[in-house]
Amino acid sequence: MTSPLQLGPLRVETPVVLAPMAGITNAAYRRLCAEQGAGLYVCEMITSRGLVERDETTMSMLVFDELETTRSVQLYGTDPVYVAKATEILCGEYGVAHVDLNFGCPVPKVTRKGGGGALPWKRNLLGQILEHAVAAAAPYDVPVTMKTRKGLDEDHLTYLDAGRIAEDAGCAAIALHGRTVAQAYSGAADWDAIAALVAHVDRIPVLGNGDIWEAADALRMVEQTGAAGVVVGRGCLGRPWLFRDLAAAFAGDDVKTLPTLGEVAAMMRRHAELLCEHMGEERGCKEFRKHVTWYLKGFAAGGPMRRSLGLVDSLAALDGLLAELDADEPFPVSELGSPRGRQGSPRDRVVLPEGWLDDTDGTGVVLREDAAETTGG
Ligand SMILES: Cc1cc2nc3c(=O)[nH]c(=O)nc-3n(C[C@H](O)[C@H](O)[C@H](O)COP(=O)(O)O)c2cc1C
């Protein structure tokens, strides 16, 4: 049995957080996962500038389900003033209960501008952004957390400094994805780094992230690292019931949900239906298509069926296709514990603004922030 996660004034009974995933963790998916388990479900990343300028794409992503009582949003930002304004909007107009800041995105077009995973190299700029966000959220009593990686690469680690900076800035927690920016999603997450951060930071909780594929992995991570909670990303792609297993595991029960293909099809239908409710049938079905491969991973469904599902354009068509699946096919247990979602390969070098590594300060550095950046993580 583990303790609840305390993020400032926000208490999360089960110390499990759905990782923000751009293009995935929209209102429909968060609701789907929340129907299964317990924890904190973070909205996909939105940009501070996009929110401040009320950019159309940004606004369309800032949608919450009617049952979503604890609203949690991840902001991307590189400019303390924009981040503060965006935080104020989230708290004042959207009633969010938690703001997370993204300092882990490895996408070259983001790091090239000094954003995401590149930013923590500039220690003082990082501190300024965090302080501004914390100050903007304080009147609303909303906790601000940061999510980051180990560093740019093994020679340019930033996470231990980031932990101290986050504490000093008044953040309520820091989440660490145990990979460097250069690793992107390749290799194995370094849980020793999570343990090192736990040992280094003593005033705020540390959340561990990376390679939790099963509920047992989450318990193991907490045990091995001393993390106050876990952040789960790719492991729940096509498997929202992982949150059921996680809730059970943290309550001391060993539950391994192994749905038959018929039960998976029902989950797919529920997911598509929620997407359509939130986005309309055409867009909802389009969004659903990207999840098909994850849901069917390891099942026998053949190529033509997968292709048809990957082109589905209405709920009626989806129902027709799902009815053709063998409802009794058992869950492919060989898939358990294995990676899913993007893995990619490591990068030779991290694309950074010119002269980025020359100093670690960054005070007063003005970084161009893209209002429509949506790549995330
Ligand atoms: C499709 C996708 C989108 C992501 N988008 C974001 C994002 O917007 N913000 C963020 O902090 N991390 C993002 N991430 C990273 C995850 O939050 C998480 O840190 C990473 O996947 C490692 O955890 P995992 O091993 O549990 O997947 C994304 C990951 C994936 C696979």
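The lining of the second largest pocket splits into seven nonpolar, four polar and seven charged residues, where Ala, Val, Leu, Ile, Met, Phe, Trp, Tyr, Cys and Pro count as nonpolar, Asp, Glu, Lys and Arg as charged, and the others, Gly among them, as polar. Elements giving two or more residues to that lining are β2 (10–12), α1 (27–36) and β4; helices (H or I, at least four residues) and strands (E, at least two) are DSSP runs, numbered from the N terminus.

Before going on, a word on what you're looking at: this is a predicted model, where local features need pLDDT of at least 70 and side-chain atom pairs count only at pLDDT 80 or more, while totals for chains, interfaces and linings use all residues. Residues are numbered from 1 along each chain as its sequence is written, and side-chain values use heavy atoms, with hydrogens and water left out.

**Stop 1: the second largest pocket**

Select Ala34, Tyr41, Leu67, Glu68 and Thr69: of the 18 residues lining the second largest pocket, these lie nearest its centre. Its volume is about 320 Å³. On a 1 Å grid over the protein atoms alone, a pocket is an open set of points with protein on both sides within 12 Å along at least five of seven lines, a cavity is a set where a 1.4 Å probe fits but cannot get out, and lining residues have an atom within 4 Å of a point. Grid points are joined across faces, edges and corners, and a volume is the space filled by probe spheres set on the points. Helix α1 provides the largest share of this lining, four residues.

**Stop 2: helix α1**

Stay on α1. Eight of its ten residues are buried, so the helix is largely enclosed by the rest of the structure. Buried means under 20% relative accessible area, exposed over 50% and partly exposed in between (1.4 Å probe, protein chains only). To see the buried ones, pick Ala27, Ala28, Tyr29, Arg30, Arg31, Leu32, Cys33 and Gln36. Now show what covers them: the cover includes β3 (16–18), β4, β5, α10 (242–250), α11 (261–279) and α13 (292–296).

**Stop 3: the sheet**

Colour the strands next. Nine of them make an open, parallel sheet in the order β4-β3-β11-β10-β9-β8-β7-β6-β5; two strands pair if DSSP finds at least two bridges between them. At the edges sit β4 (40–41) and β5 (43–47), each pairing on one side only. Helix α4 (residues 80–94) packs on this sheet and touches β5, β6 (72–76) and β7 (98–103), with its direction at about 165 degrees to that of β6. Contact means heavy atoms within 4.5 Å; axes are lines fitted to C-alpha atoms, for helices over the stretch in contact, and angles run from 0 to 180 degrees between N-to-C directions.

Move along to β8 (residues 144–149), joined to the parallel strand β9 (residues 173–177) by five bridges. Click Thr148 and then Leu176, its bridge partner in β9. On to β10: β9 and β10 pair in the parallel sense over four bridges, and His177 has Asn209 as its partner in β10. Which residues cover the two faces of β10 (residues 206–209)? Val206 and Gly208 are on one side, Leu207 and Asn209 on the other, and all are buried.

**Stop 4: the largest pocket**

Its volume is about 490 Å³. Select Pro20, Met21, Tyr185, Gly233 and Arg234, the closest to its centre of the 33 lining residues. Elements giving two or more residues here are β7, β8 and β11 (229–232), and β8 gives the most, with three. The lining has 15 nonpolar, 13 polar and five charged residues.

**Stop 5: the cavities**

How many cavities of 30 Å³ or more does the structure hold? There are two.

Finish on Arg239, in the loop between β11 and α10. At 6% relative accessibility, Arg239 counts as buried. Leaving aside neighbours within four places in sequence, Arg239 is in contact with Trp213, Glu214, Tyr295, Phe331, Leu336 and Arg340.
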